[in-house]
Amino acid sequence: MPVSLADDGTDDPQCSPAEWPPTLLNEKFSVHSYDGGSQQNRAQYDVKHVLIPTLEPFHCSDRGCKFNLVLKCSEDFTLTHFFISGPGPRCTEPIRSGLLWVCDTLPKDLDEAGAYDEACFEELKRDLNDEKADDDEEAYAKGQHATSMPPPCARFHTDPESREFEVELPRWREGRYLIVRFLDTHFAGEQVNVDVGMLAIVGYWGRCAHHQVPLGPWMRRRVQQAWVHPRPLERTFSAGGWVCDGRDFIGGCRSSFLDFHQTSVYTSRFHCASTGFDLCGACAHDASLGKVTECSVKADMEALQSAATCKLVGNRLRNLWRRHWLHALPRYFNAGLLGALVAALQRSLDAMAAPGRGRAALDEASGGRPRARSTRATPSPDPHQAAALRALLQIVTDLVQGILLGVRPGCDVQVNDLVWALGTTYGKGHQEGETLERWERCRVVKLPPSFPCVNSATPTVASPMCDEDDDEMDGNHAASAFVVSSRDWKGKRIVQAEHVWKVTKPLNDEDVMAATTSLFREVSRGPLCEVGTVRRLLRQSADLSAANAEGQTALIGAALSGCSPEVFSLLLEAKACPDQSDRHGATALQLLESRAGHMDGGVLLLRRHGASETLEDASPNASQALPFLQEALAIHLLGPLLGLRGAGGAGAGDSRPPPAEALEA
């Protein structure tokens, strides 16, 4: 989202640079003139391609070098950063060095730019930071400068390996024109032509150089939003369709991107190559993303009113449920979530009250269960309303399963799910009593009695878990033990919940899984945990958001075992989410406060990194908070569901019965 700062010389900008980062300005620039042509006059190598922030297509000039490219902007701009890159490795003459100017009007003679070709890079850089730059600019403005060209505002020299260069201007520049002089390439002996991949013109719209503040690098910036994603995100640009994943977290995307193909090639995105996670620039720089605030709750309540966005609300609540559910749900309940959900369900049913239309939508929402066929033609449901109804019913199902059945973080492991489980085997040539531990991909055969089962095809009554091991398991261990099977194991095995990790996209990588599980086992050693080992496992890309079947992450494991503050510091600096809770609703902060008091070193570190304090209306004790949630669910959701007017029934009027699917949910 381009940002304009105040250009009236006041100290009260519409949005200060400290509050909003600069943006890519390429979209409003066009080629005014260029004396370098293109290789064999081919359009595929035209210089206009350098304004597209991807390496393909690129520019390949005609023979020679020292070409001047003049770019004109459709409005005033302030330049803060400049980035240039050569094309990929298959190009023979990648750009090496050049000069950069920003002006309000075009110089009379562009050839005079050659006067600066031999200027020493360090000398030019030094001149741009001292009073000489002010004198040169003033002389140029009065027409007293020795040449018609103003002093260059930057000189670039690309890296021979990456073929990239980025500069944050020591003095922000304002104007309408940008002049780039391509001096030479990395192959000094030939200089056949000049190949340029892309230019990134970065700054603000309007004139705001008087608001200059240090910003740091722009193009190769990495961000990490611990509340929504555990890994660093790098700025990239893409010509393909992508969507900001911030839409699936409370409050939604800060740029209002709701679906694919709402962005352009000029839209900056922050991307994780290993997981495919994307954030727009606004979401990447918003410190409140993923956190429960009044604004985010209000935005979700408004999104629930629209058939087009209510599905996103379900995704947001599901992601929030995996974080600090016992802290967040009471805030949503107090904000009227349940009443808004019932009203949205009724609106969706009323919109499909045409004979047969609502019943067709409910048939689809019920998951394809067989119904008695009718000889009458059934109108197809409105796709938007049908999708909205499915999304609303899914939210009801999630709330009922989570609050009444106990399907909470970690408890989402169900029968037939693929998991990593720790097994004990005998090694070759082992002595008596020697065993080897190994992680295996397994299928869940049976859940522990203390875990809820939401699969109606699976019996929920506890039964003998594994005949050959029953005698070895006491009651306490059996209550939290899974029965799993693997192709590499003979028969079935019993594995404790803390050693069961559901296979997710990040944990599908064996190296990431090994680092993640090893990190958890290391922090579980408590005071004996070695800081060096934790640091090494973090460098091996351990997933700090992954949780075992008990809902315990590495940070929660450190809190449970009483690790040193140094371990907490390493985990939090690596962007472990401070607010993630286990399946009982306890966060690392609450666990530490109950063990060591409010002045413990780990407690202070968690608070410093933004851990949420317990709300007054949400007790830290799950046994006290759950009755409140259950009562609210019964009074404000399950009860009103009985009063819903169904969408089917000829001539039923306002006395239509409630839809069976809503009651079953």
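**Figure 1. Aromatic pairs, of which the predicted model holds 10.** Rings of Phe, Tyr and Trp (its six-membered ring) are paired if their centres lie within 6.5 Å, and planes under 30 degrees apart count as stacked, over 60 as edge-to-face and the rest as tilted. The rings of Tyr34 and Phe67, whose centres are 6.1 Å apart, have their planes at 70°, so this pair is edge-to-face. Tyr34 belongs to strand E2 (residues 29-34) and Phe67 to strand E4 (residues 67-85), so that the pair links distant parts of the chain, 33 residues apart (strands are DSSP runs of E with at least two residues, helices runs of H or I with at least four, numbered from the N terminus). Both Tyr34 and Phe67 are buried, a term that means under 20% relative accessible area, with exposed over 50% and partly exposed in between (1.4 Å probe, protein chains only). Ring pairs also bring in Phe182, which forms a cluster with Tyr34 and Phe67.

Residues are numbered from 1 along each chain as its sequence is written. The model is predicted, with local features needing pLDDT of at least 70 and side-chain atom pairs counting only at pLDDT 80 or more, whereas totals for chains, interfaces and linings use all residues; side-chain values use heavy atoms, with hydrogens and water left out.

**Figure 2. Charged side chains over the faces of Trp218 and Trp227.** A charge sits over a ring if NZ of Lys or CZ of Arg is within 6 Å of the ring centre and within 35 degrees of the ring normal. Arg235 lies over Trp218 at 3.8 Å from the ring centre, while Lys291 lies over Trp227 at 4.1 Å.

**Figure 3. The salt bridge between Arg220 and Glu164.** The structure holds 20 salt bridges, each a side-chain nitrogen of Lys or Arg within 4 Å of a carboxyl oxygen of Asp or Glu. In this one the N to O distance is 2.7 Å. Arg220 lies in the loop between strand E9 (198-205) and strand E10 (222-223) and Glu164 in strand E7 (residues 164-185), so the pair ties together parts that are 56 residues apart in sequence. Arg220 is partly exposed, at 44% relative accessible area, and Glu164 is partly exposed at 22%.

**Figure 4. The salt bridge between Arg438 and Glu440.** The side chains of Arg438 and Glu440 meet at 2.5 Å, N to O. Arg438 is partly exposed, with 42% relative accessibility, whereas Glu440 counts as buried at 8%.
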